[in-house]
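Subject: Structure for you to look at

Hi,

Here is the structure I promised to pass on. Have a look at it first, and then read on for what turned up.

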Amino acid sequence: MPLGPDRLAPMANAIRALSMDAVEAANSGHPGMPMGMADVATVLWSEFLKHDPSAPDWADRDRFVLSAGHGSMLIYSLLYLSGYAAPTIEDIRNFRQLGSPCAGHPENFLLDGVECTTGPLGQGLAMAVGMAIAERHLNAEFGDELVDHHTWVIAGDGCLMEGVNHEAVGLAGHLKLGRLNVMWDDNRITIDGPTDLSTSEDVEARYAAAGWHTVRCDGHDFADIRRALEEAKADPRPSLVACRTVIGKGAPNKQGTSATHGAPLGKDEIAAARETLGWDHPPFEVPERILNDWREVSANGKQAHSAWRAKLEDYSGKTDFERRMAGDLPVDFSLQDYIDGLLADPQTVATRKASEMALGAINPQVPQTIGGSADLTGSNNTKAGGIGPLTAEDYAGRYLYYGIREFGMASAMNGMALHGGVIPYGGTFLVFTDYCRAAIRLSALQEARVIYVMTHDSIGLGEDGPTHQPVEHVQSLRMIPNLLVMRPADTIETAECWEIALKSKTRPTVLALSRQNLPQIRNTARENMSARGGYRIKAAENPRRVILIATGSELALAMDCAAKLEGQGIGADVVSMVCTQLFDEQDATYREDILPNVAPDQILRVSIEAGTTFGWDRYTMTNGLRIGIDRFGASAPAGDLFEKFGFTVEAIIPQIMNNISE
């Protein structure tokens with residue numbers, strides 16, 4: 001039987017008290033949303049959410065996403081009260097302080113029970129769409145016995161206003177993700193004041209138009225909340241539950257105003273709130289009877305988990321399921337046969353085509369890959385290896401048609417990766433990483449294995465012109481911590497990059513791939529050389545005076561330049577800098593061997609990349625030579641553009657000669 005209001009109200013007030021006290025102690029934070037949504041969260045966590053605090057990684061747990069991450073004290077309170085090992089009450093006391101896992105916004109790598117990092121509004125809900133996709137896909141593969149859970153989201157007005165919300169909602173409605181339920185904190189307040197300052201749209205009509213079920217409730221009436229959540233859970237469509245709430249509920253003088261949104265209530269208002277709520281306990285103290293009520297309702301999840309464990313033990317595919325959920329590749333996964341075939345029969349193809357060829361070898365071997373594209377399947381070459389569409393009629397498919405929803409695609413892939421059991425990859429043009437960038441940054445921050453297949457990586461895409469030609473993009477992506485940005489030069493490097501990406505369980509990858517055909521340069525593959533980040537693909541034949549450092553499509557040009565220099569008696573190494581991040585992680589001895597630290601008048605370092613020269617002095621040194629493009633491109637055939645912007649042997653060699661003769 002559900003608990004009555006006499007017990008639910010104190011449980012909700014515990015959330016309010018912890019939230020306002022923690023924000024006050026930190027002298028920063030957002031008390032309004034946790035206080036306003038405390039009643040909804042209490043009903044959800046005590047009666048609907050399937051979870052086991054003693055096993056936060058249980059594969060079939062419900063996923064809870066606090067998309068309105070600024071109200072982080074809501075989830076910290078829920079985790080503590082429910083009996084998770086962390087956060088402790090001391091962690092909460094040190095909210096927003098160095099060393100506490102209770103960061104200003106929830107971080108998935110700091111606390112079990114935090115499914116994803118939220119705070120950038122809208123992305124939590126969009127990631128939840130990915131989690132719901134992963135759940136339905138794994139259910140289609142492993143059945144109700146092992147995969148049968150829901151994804152619950154608390155979102156605020158900001159989450160629903162952000163553009164990514166429109167993309168995510170459209171995708172979820174199209175895929176009929178009925179296990180996804182979003183509770184909208186409809187408090188009609190933003191930082192600036194009432195929402196009618198900035199919006200007058202009919203949110204529920206918009207969701208309904210996208211194929212969602214919608215329902216309203218009084219967010220402070222436990223019975224009405226229960227009714228709405230039951231209706232949402234039962235409906236086969238994704239659901240939006242509009243919870244009419246009062247922001248800062250319980251703070252008598254500030255509730256219902258933006259004053260409670262993003263600042264401490266102040267000692268006087270907290271004292272008044274304690275009186276209003278009937279909460280006469282000191283800060284950070286929760287009476288044992290209230291804690292016991294929270295721990296009692298959490299015990300239901302332990303029983304469900306125990307029953308699930310029994311099913312898993314009897315399941316014939318137990319080993320495969322556990323491997324998938326652990327994020328491990330099949331033990332016999334290898335691309336060596338595929339690479340051996342390339343060595344025997346070299347291919348001159350665009351690296352986007354080389355990626356498709358590699359996927360033709362990967363997807364049959366790695367059943368957890370789910371591919372996709374933002375309406376550029378034929379250009380990104382992301383559908384390969386016999387995989388079929390993932391649709392509302394067939395969740396077992398392994399290819400998603402995301403439509404023109406780059407940000408939504410990237411966010412959904414984050415959710416899929418964080419859910420576990422799948423490895424998502426998705427494609428668009430490299431220039432449109434601008435649309436994806438906020439999600440790519442969260443991929444890196446959350447340590448999510450997401451693979452971004454970004455094609456048309458330079459002026460080499462040709463006639464589409466400067467709107468579509470990346471110039472600054474590769475270097476700007478290289479600045480993101482924990483993101484592997486790989487720009488392979490041929491078929492073998494592309495295969496190696498895919499292998500690295502698949503094996504990088506805690507790092508996302510951007511594959512920057514060419515539109516134009518490139519020759520196969522590598523003729524050996526004793527080891528994955530791309531895993532070094534940068535490696536010497538050609539050693540100087542004459543006394544070494546020059547080191548040419550190139551990436552992607554410019555590696556072949558560097559090889560031609562080296563041949564010209566050698567013909568003039570000037571020794572030239574060629575270094576393929578596939579991934580600067582991985583090169584920087586090599587030991588000092590290796591890096592010194594590849595790029596010896598000598599004066600430029602002894603060995604000139606030259607970088608060649610069809611993008612901005614910004615940042616390349618890190619490898620060429622200040623007095624080195626940097627060949628690149630520090631302006632926007634133009635609309636013309638690729639060959640004409642490379643000639644115009646100086647990416648020819650005839651344009652580069654004189655610059656090198658001028659520098660080494662000085």
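A salt bridge here is a side-chain nitrogen of Lys or Arg within 4 Å of a carboxyl oxygen of Asp or Glu. Please keep in mind that this is a predicted model.

**Salt bridges**

How many salt bridges does the structure hold? The count is 37. One of them pairs Asp148 with Arg179, and their closest N and O atoms are 2.7 Å apart. Asp148 sits in the loop between α6 and β2 (151–155), and Arg179 in the loop between α8 (163–174) and β3 (180–186), so this pair ties together parts that are 31 residues apart in sequence. Asp148 has a relative accessibility of 28% and therefore counts as partly exposed.

Arg507 and Glu585 also meet through their side chains in a salt bridge, at 2.7 Å from N to O. Here Arg507 belongs to the loop between α20 (491–503) and β14 (509–513), while Glu585 belongs to the loop between α22 (580–584) and α23 (588–594), so the parts tied together are 78 residues apart in sequence. Which of the two partners is buried? Arg507 is, with a relative accessible area of 17%, whereas Glu585 is partly exposed at 47%.

Going back to Asp148 and Arg179, they belong to one network with Glu135 and Arg136, joined by salt bridges that share partners.

**Helix α13**

Asp320 is partly exposed because its relative accessibility is 30%, and Arg323 is buried because its value is 15%; the cut-off for buried is under 20%.

Which residues of α13 (residues 318–326) are buried? They are Lys318, Phe321, Arg323 and Arg324. Their cover includes α6 and α12. After α13 comes Gly327, which has a positive phi, near 80°.

**Helices α1 and α12**

The axes of α1 (residues 5–26) and α12 (residues 288–314) come within 10 Å and cross at roughly 100°. That angle makes α1 roughly perpendicular to α12, since 65 to 115 degrees is the range for that label. On the α1 side, the residues that meet α12 are Arg7, Pro10, Met11, Ala14 and Ile15. On the α12 side, they are Arg289, Ile290, Asp293, Trp294, Glu296 and Val297.

**Around Ser411**

Leaving aside residues up to four places away in sequence, Ser411 touches Gln123, Ala126, Met127, Val164 and Ala439. Ser411 and Leu125 are 286 residues apart in sequence, yet their C-alpha atoms are 8.8 Å apart in space.

**A nonpolar patch**

Phe109, Leu110 and Leu445 make a nonpolar surface patch of about 230 Å². Phe109 lies in the loop between α5 (89–93) and α6 (123–142), and at 38% relative accessibility it counts as partly exposed.

Conventions. Residues are numbered from 1 along each chain as its sequence is written. This is a predicted model: local features need pLDDT of at least 70, side-chain atom pairs count only at pLDDT 80 or more; totals for chains, interfaces and linings use all residues. Side-chain values use heavy atoms; hydrogens and water are left out. Patches are made of residues with over 30% relative accessible area and no salt bridge: like charges are joined within 9 Å, nonpolar side chains (Val, Leu, Ile, Met, Phe, Trp, Tyr) within 5 Å. Accessible areas come from the Shrake-Rupley method with a 1.4 Å probe; for residues, only the protein chains shown count as cover. Helices (H or I, at least four residues) and strands (E, at least two) are DSSP runs, numbered from the N terminus. Buried means under 20% relative accessible area, exposed over 50%, partly exposed in between (1.4 Å probe, protein chains only). Axes are lines fitted to C-alpha atoms, for helices over the stretch in contact, and angles run from 0 to 180 degrees between N-to-C directions. Angles under 35 degrees count as roughly parallel, over 145 as roughly antiparallel, 65 to 115 as roughly perpendicular and the rest as oblique. Contact means heavy atoms within 4.5 Å.
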